[in-house]
Amino acid sequence: MSNKAFQRTYTQLQAITKATISLKAQGVANEELATVDGKLAQIVKTKGDLVTLQVFSGTEGIPTNAEVRFQGNPPTLKVSEQLSGRFFNAYGQPIDGGPEVEGEEREVGGPSVNPYKRRQPSQLIPTGIAGIDLNNTLVSGQKIPFFADPDQPYNKVMADVALRADVDKIILGGMGLSNDDYLFFRHEFEAAGALDKIVCFINTTEEPPVERLLIPDMALAAAEYFAVDRNEKVLVLLTDMTLYADALSIVSNRMDQIPSKDSMPGSLYSDLAKIYEKAVQLPDGGSITIIAVTTLNDGDITHAIPDNTGYITEGQLFLRADSDSGKVIVDPFRSLSRLKQLVQNKKTREDHSQVMNAGVRLYADAQNAKTKLENGFDLSDYDLRCLDYAKEYATRILSIDVNIKIDEMLDTAWELFGKYFSPAETGIKQVLIDKYWKA
Amino acid sequence: MATKGIVTGIVSNLVTVQVDGPVAENELCFINIAGTDLMAETIKVTGDKASVQVFESTRGLKNGDTVEFLGRMLEATLGPGLLSSVYDGLQNDLTTMEGVFLKRGEYTDPLDHEKLWDYTPLASPGDKVKAADWIGEVKEGWLPHKIMVPFSFKDEYTIKSMVPAGQYNIDTVVAVLTDSEGEDVNVTMTQKWPVKVAVKGYRNKPRPQKIMETGVRVIDSFDPIAEGGTGFIPGPFGCGKTVLQHAIAKQGEADVIVMAACGERANEVVEIFTEFPELIDPHTGRYLMERTTIICNTSNMPVAAREASVYTAMTICEYYRAMGLRCMLLADSTSRWAQALREMSNRMEELPGADAFPVDLSAIISNFYSRAGMVELNNGKTGAVTFIGTVSPAGGNLKEPVTESTKKAARCFYALEQSRADQKRYPAINPIESYSKYLEYPEIIEYLDRKIEKGWVDKVLKAKNYVRRGKEMADQINILGDDGVPMSYHESFWKSELIDFAFLQQDAFDAIDAVTPIERQKYMLELILDICNTKFSFEDYEKCREYFKNMINIMRQMNYSEWQSEKFHSYREQLDQLLSENVK
């Protein structure tokens, strides 16, 4: 990148903030890259000949006479089969000691797929986790985050899901990943013998936060190469998107933009949508599925980050600790897969959706009973049965350590219905009761 | 001479242009970037500096790049062939674009210029006509598509000549008109209209007279929307906004449906154009896609075109309304449009209003809603645009600027509720908070008396009251405990649960339950009201719960059964049996 024929160099900065610098320059293009004192930066604003750049690694130590070299192009990534099995930093440079990747140089953060050229997602992604497969079935081409408090084992669950999913490539975009978590992912992928189908772009907490802004675009540019050019099924893991959004707010704040809710930039929705909407089922069989992590502050989903995310993604998987069963469960109320009806009863057994709904409804009744219990009221026979059911349902269905086939999940649910309830109490269609009821 | 300019500043999609001549507010321009023209709209002018919002990515744009102003606002192209189309927010035909990815600066024609249409004249030489008068007709699918005197024609005209019936393409001059000055003007089958200006050309706009059936019980019976009415659906994510909107689009009793996917998920649009060509309109037996136009500016498409998308969609509806058709516009979601306004306002460094939204947000929203309505055309026929918008309130909190502004403008309010969705009580419309102002209109009450039966609205209000009372009783039971309240509290509570489970809740994914014609709604609601009006006797609250649970189960099975089928009647008999066991 550094040996471009046409390079303009400037040495007089007009302003410096923690994340941006401004200088007078001519003939530069919007979103063009530059190096400032050797650090990578990108143009975010021009006003007359005053140009503002965001410096990805922070502006610490940049003097007002720093050398600014414009490179004449937006961020790019070289794409080819050589990406497989490799680990990169936010700029797409190898961090695994291996050689540079040879391949076609492509702009990252490129255009969107024509919605008319998309196909309806229709392939089931089984994960073995009943809280997902039974209640919130995943479909290829979907985009869905885990909503979890920082103390939940979301990275572990995500790694499990990725390694069990039947996909050709797994692309990990790590933003603000602790070094321990980075090594954890590396170890999990190695231990599963899956390294050849992994591509990782990693920004750890040791690296500057603004660098994170490049990670999703890099990961998705690689994903688009495998899905569009090679017709592969690609699963992209993005963790943690909350830290990505925090980086956005840093930059917008330094640019004196008026913040909207929770001091996030007003464009947060569009910024996140540009990433998540890269999830796609393509006409020629390739697909990009995005599973992300959005960490929450004490389960608060009304904060601008999870809130905007929820409006963009096709559902969310909400992890929480359950005191009844002592397990981490996929919360059936707060979790949702919007695409589940595209595969339920079609790619799975005919009773799937009714069993799912009945299971959750009865679990909701158990929560009401629990409230009554907490308020010191007598419980009815039905309440007591609900409570017993809820405990077993949480342990055998909702817990994230369950790993069984979907038919087994359905059979387990019928077993629980038969054990604790009468057919009428489940509200399931009579034809299905006749066929599957286990007295 | 067209005004020209050069780029002097860029912040994301807001570009400042130094101009060399006059520019108008909302005037379009093309910004030339390395041989590609990017369309942009003027949103502010200060001295010789115009601020324009670019409808595309500005990556690579440089100061000094040239700009050419077009002397016109953003226009919709109107004519036969709009139905079944899939457009972007600027009305580019997405189906004719090449390649998997959208290319910047690629603009495609909204209408097919080759296709021949069977044209029949509706007027003759010598006739006096004015804007929006019908002068010819073609068949678009099964709909009579009127060819009109263009809306932009201001004068009164005399038809000088008219082509005979025959096959023509849309560019054929079908009539020549002479204006009051004696000048001749040509009329083809297509015309253009600026999207931000409401289409007039009708005699008056009376109050709505009838309701528009949607097949969704909680809407049609509890809070009906009028033909030509307005409504909105706010709700946190995951409460079924989109499922509900799609249900209305599939089942709504309208001739033309325009769906504006504004800043929402692309897969939802994919669902529409995958499923609609296969689905049958329950009212006409034709394919749904034949009456549907999709305008899609999904969340990853350029932000500025989001605003354009809702206006383009409204203009297409108004065009069909002028043909005497009943149109429905569904916009999902108007919050995304408001956010696009906020992004621009922010980049222009305007002083913000609440939550950083522009201060004129409320005025913009109410102005847009006011374009809906029933109209009486110049020839005495009527047409209607019914508008339902969704709102995505931040954090699910309805006390935010977009919801509040919309509440002032829309006549129906369908509040989707998180707790109902958590309990899988779909559609998650809160029956107590939601309202339809149309239930207060004497015209509508009288219409429902005729259409359903005398006193229908009273029955609905009664049912609503049972739900309200049930809610109060539930609160009491929660405070005082099952044993701490009289039996009648339990009975009231379970009566409201019966209304909820057997009537308000509806399975949008069940072939039969998804659509309930008004006749069937009447049957079920009356049946339920009869039960609610009955005084029961129970030994204890356990028995009461069990009894009503049984009843609910039977009535849900009724909802799942074919209307008036043997199965349906056998469940009805079961219900009667159950009722006869316990009546005071």
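**Reading sheets, helices and backbone angles in a predicted model**

Me: In which sense do strand 11 (residues 134-140) and strand 12 of chain B pair, and over how many bridges?

Reply: Strands of a sheet pair through backbone hydrogen bonds, either parallel or antiparallel. Here, strand 11 (residues 134-140) and strand 12 of chain B pair in the antiparallel sense over 6 bridges. Two strands pair if DSSP finds at least two bridges between them; helices (H or I, at least four residues) and strands (E, at least two) are DSSP runs, numbered from the N terminus. This is a predicted model, in which local features need pLDDT of at least 70, side-chain atom pairs count only at pLDDT 80 or more, and totals for chains, interfaces and linings use all residues. Residues are numbered from 1 along each chain as its sequence is written, while chains are lettered from A and ligands numbered from 1 in the order in which they are written.

Me: Which residue is the bridge partner of B:E137?

Reply: The partner of B:E137 is B:K146, in strand 12 of chain B.

Me: What is the order of the strands in the open sheet of chain B, and which are its edge strands?

Reply: The open sheet has 4 strands in the order 12-11-9-14, with antiparallel pairing. Its edge strands are strand 12 (143-148) and strand 14 (166-168) of chain B, each of which pairs on one side only.

Me: How do helix 2 and helix 3 of chain A pack?

Reply: Two packed helices are described by the angle between their axes and the distance between the axes. For helix 2 (residues 154-164) and helix 3 (residues 179-191) of chain A, the angle is about 25° and the axes are 11 Å apart. Helix 2 of chain A is therefore roughly parallel to helix 3 of chain A (angles under 35 degrees count as roughly parallel, over 145 as roughly antiparallel, 65 to 115 as roughly perpendicular and the rest as oblique).

Me: Which residues of helix 2 and helix 3 of chain A meet?

Reply: A:N155, A:A159 and A:L163 of helix 2 meet A:D181, A:F184, A:F185 and A:E188 of helix 3; contact requires C-beta atoms, placed from the backbone, to lie within 7 Å.

Me: Where does A:S263 lie, and is it buried or exposed?

Reply: A:S263 is in the loop between helix 5 and helix 6 (268-276) of chain A. It is exposed, with 11 other C-beta atoms within 10 Å (buried means 20 or more such atoms, exposed 12 or fewer, and partly exposed in between, with C-beta atoms placed from the backbone). Phi of A:S263 is near 50°, a positive value in a residue other than glycine.

Note on methods
Axes fitted to C-alpha atoms, helices over the stretch in contact; angles between N-to-C directions. Contact = placed C-beta atoms within 7 Å.
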